[in-house]
Amino acid sequence: MIMIFIGVFVLASCSPNQSSHSKSSFPNQNIEIIAPASPGGGWDTTARAIQKIMQDENLTDQNITVVNKPGGGGEIGWQYLASRPSTSIAINSSLLLSNHELGLSDLNNDSFTPIAILATEWISLSASKKSNLQSGKEVMEKLKDNPKSLTIGVAPGLGNNDHLAFVKAAQSYGVDVQNLDFLVYKSGGDLQTALLGGHVDIASTAVSEVKEQHQVGKLKILATTSDERIKGLEDVPTWKEQGLDIVFPHWRGIMGPSDMTHAEIQYWDETIKKVVDSKQWETIRENNDWDDFYKDSKDSKAFLDKQQEQYKQLIQDAGF
């Protein structure tokens with residue numbers, strides 16, 4: 001009788017269903033990094049950078065695949081993530097928040113488990129040479145007197161970061177933001193062409209899209225949403241330097257399904273920290289004009305909650 005009891009105890013202690021075993025073996029299947037867009041864009045670049053660094057740094061024994069799920073401004077990819085296991089993660093950005101506030105999606109940051117905020121671009125206000133505008137403050141003075149006095153280009157639609165960053169700046173200056181004259185272009189390239197040709201007076205766009213043209217004098221960047229002047233654009237003042245107390249990041253992060261366990265979150269926290277601390281990641285950031293903006297899972301949750309509140313208010317103020 002005693003021997004039978006011992007045998008049962010040994011078998012139970014070796015059971016593969018024990019929680020300690022499942023925790024120690026995570027990830028126990030192939031890792032999937034979801035880029036909610038077609039190959040070649042910023043989300044795809046981020047996903048493939050994480051994949052390569054995890055492989056090169058031997059951060060997992062599992063195979064890592066990048067899955068492209070384009071459509072709906074990220075919606076298709078994020079809906080796909082919602083039904084995946086905790087070995088799947090997805091690239092996200094502020095579109096997750098603005099899509100929800102615009103009524104385009106039932107998903108928001110509470111629908112997922114925040115893992116990290118990785119990096120940020122900054123947003124610029126640029127002027128065509130034909131406009132003869134010299135500063136962001138001058139732009140705001142004109143718009144405060146008459147919101148229709150300047151045409152403002154954005155792409156690829158209203159409600160995105162470029163649009164809302166300008167709304168935030170204009171609102172801070174006392175401009176009637178619901179009467180601003182926005183012209184929407186299909187792509188950043190189309191917007192740049194319009195700006196260079198003087199078809200719009202000013203444009204709100206990622207710094208990387210206009211940096212080179214500013215450096216060669218084909219257009220003029222008047223302000224950036226960064227907290228300090230940007231490398232390579234030391235001649236361009238921030239909005240803060242022009243009297244507007246705003247910093248507006250164009251961040252990019254990663255998230256997992258909503259039901260991740262503490263142990264699974266801890267794994268991703270440790271792994272992604274190694275990714276962002278690597279020399280490869282530093283080089284990728286510099287090559288893409290991304291600034292370090294790393295936040296772990298806990299800080300990401302707090303950051304996203306504040307961002308969701310801000311986007312909700314800005315979209316209401318913009319008249320949507």
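This is a predicted model: local features need pLDDT of at least 70, side-chain atom pairs count only at pLDDT 80 or more; totals for chains, interfaces and linings use all residues.

A: An α-helix has 3.6 residues a turn, so residues three or four places apart point the same way. Asp 56 counts as partly exposed because its relative accessibility is 41%, a value that falls between the 20% and 50% cut-offs, and Lys 52, with a relative accessible area of 44%, is partly exposed as well.

The helix that holds this pair covers residues 42-56, and at 1.5 Å a residue its 15 residues should span 21 Å, which agrees with the 21 Å between its end C-alpha atoms. Other residues of α3 are buried, among them Trp 43, Ala 47, Ile 50, Gln 51, Ile 53 and Met 54, while Asp 44 and Thr 46 also belong to this buried group. After α3 comes Asn 58, whose phi is positive, near 55 degrees.

To place the helix in its setting, the protein chain has twelve helices and ten strands, and buried residues make up 50% of its 320 residues. A search of the whole structure finds ten salt bridges. Another of these joins the side chains of Asp 305 and Lys 301, at 3.4 Å from N to O, and both residues lie in helix α12 (residues 297-317), four residues apart, about one turn of the helix. Salt bridges that share partners join Asp 110, Lys 301 and Asp 305 into one network.

Key. Residues are numbered from 1 along each chain as its sequence is written. Side-chain values use heavy atoms; hydrogens and water are left out. Helices (H or I, at least four residues) and strands (E, at least two) are DSSP runs, numbered from the N terminus. The expected span of a helix is 1.5 Å times one less than its number of residues. Buried means under 20% relative accessible area, exposed over 50%, partly exposed in between (1.4 Å probe, protein chains only). A salt bridge is a side-chain nitrogen of Lys or Arg within 4 Å of a carboxyl oxygen of Asp or Glu.
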